[in-house]
Amino acid sequence: MLRRFLAKWRLAAALLVVAVAGVLATAEINEAKAEYGDVVINNYSDAAGMRPAVFPHWFHRIRFRCKVCHGDLGFQFKAGGNDITMLKIFDGQFCGACHNGQIAWSVENCTLCHSGKPNTPTKVHNSTIDRLVTPPSKAGQTPAGGAK
């Protein structure tokens, strides 16, 4: 009888440990939302008549460690903290270090990156990409303000 009682307490203790670990893991995930958010880059896009670029940080982060972009390629740890221009990308800086047609797709298809809604500010967005990107059915239409 004592053995059965101790077995139940061990099971209860094990379940409690698992539950606490689950709560702690969930808390860490909830605090790290910005790490996996989408970054809208609109330092020059609106002024140039282009849609803002949407950078899927989470997509890159699950494939590469932070140091690859933020150390090796020189990206600042702040949305809008980099002076990214298309000329620099064409010269192999920033995104162009990998998006060169050899490591990753090249930059000839502008709408792959420049897909954000016009006038969306440069920052990390914790919302879903659906709220940041113009749907494909509307991508060919010119929005108010002339940005395409």
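**Entry 1: Lys88 and its partner**

I started at Lys88, which is partly exposed with a relative accessible area of 24%. For my own record, buried means under 20% relative accessible area, exposed means over 50%, and partly exposed is in between, with a 1.4 Å probe and protein chains only. Lys88 makes a salt bridge with Asp83, and their closest N and O atoms are 3.2 Å apart. I take a salt bridge as a side-chain nitrogen of Lys or Arg within 4 Å of a carboxyl oxygen of Asp or Glu. Asp83 is also partly exposed, because its relative accessible area is 36%.

Before going on, I noted what I am looking at. This is a predicted model, where local features need pLDDT of at least 70 and side-chain atom pairs count only at pLDDT 80 or more, while totals for chains, interfaces and linings use all residues. Residues are numbered from 1 along each chain as its sequence is written, and side-chain values use heavy atoms, with hydrogens and water left out.

**Entry 2: the other salt bridge**

How many salt bridges does a search of the whole structure find? It finds two. Asp72 counts as exposed because its relative accessible area is 53%. Lys67 is exposed as well, at 52% relative accessibility. A reminder to myself: side chains of opposite charge can pair when their charged atoms come close.

**Entry 3: the chain layout**

I went through the elements next. The protein chain has four helices and three strands. Helices (H or I, at least four residues) and strands (E, at least two) are DSSP runs, numbered from the N terminus. Read from the N terminus, the order is α-β-β-α-α-α-β. The chain has 148 residues, and buried ones make up 21% of them.

I looked up Phe5 and found it in helix H1 (residues 2-31). Phe5 is partly exposed, because its relative accessibility is 47%. Together with Leu2, Leu6 and Trp9, Phe5 makes a nonpolar surface patch of about 460 Å². The patch rule takes residues with over 30% relative accessible area and no salt bridge, joining like charges within 9 Å and nonpolar side chains (Val, Leu, Ile, Met, Phe, Trp, Tyr) within 5 Å. Accessible areas come from the Shrake-Rupley method with a 1.4 Å probe, and for residues only the protein chains shown count as cover.

**Entry 4: the largest pocket**

Then I turned to the pockets. A pocket here is an open set of points on a 1 Å grid over the protein atoms alone, where a 1.4 Å probe fits, with protein on both sides within 12 Å along at least five of seven lines; lining residues have an atom within 4 Å of a point. The largest pocket holds about 960 Å³ of space. I counted 41 lining residues, and Phe55, Cys95, His99, Trp105 and Cys113 lie nearest the centre. Which element gives the most to this lining? Strand S2 does, with four residues. S2 (53-56), helix H2 (57-61), helix H3 (66-72) and helix H4 (86-90) each supply at least two residues. By class, I have 31 nonpolar, nine polar and one charged residues in the lining. Nonpolar covers Ala, Val, Leu, Ile, Met, Phe, Trp, Tyr, Cys and Pro; charged covers Asp, Glu, Lys and Arg; the others, Gly among them, are polar.

**Entry 5: the second largest pocket**

The second largest pocket has a volume of about 490 Å³. Its lining has 25 residues, with Val39, Phe55, His57, His70 and Gln76 nearest the centre. Strand S1 (38-41), H2 and H3 each supply at least two of the lining residues. By class, this lining has 13 nonpolar, eight polar and four charged residues.

**Entry 6: loop residues**

I checked the loop between H4 and strand S3 (123-125), where Asn119 is found. Asn119 is a residue other than glycine with a positive phi, near 70 degrees. Asn119 counts as exposed because its relative accessibility is 60%. C-alpha to C-alpha, Asn119 is 7.8 Å from Asn42 in space, although 77 residues separate them in sequence.

Phe94 is in the loop between H4 and S3. Phe94 is not a glycine either, yet has a positive phi of about 50 degrees. Is Phe94 buried or exposed? Phe94 is buried, because its relative accessible area is 12%.

Last, I looked at Ser45, in the loop between S1 and S2. Ser45 is buried, with a relative accessible area of 9%. Ser45 and His114 are 8.2 Å apart in space, C-alpha to C-alpha, and 69 residues apart in sequence.

Conventions. Points joined across faces, edges and corners; volume = space filled by probe spheres on them.
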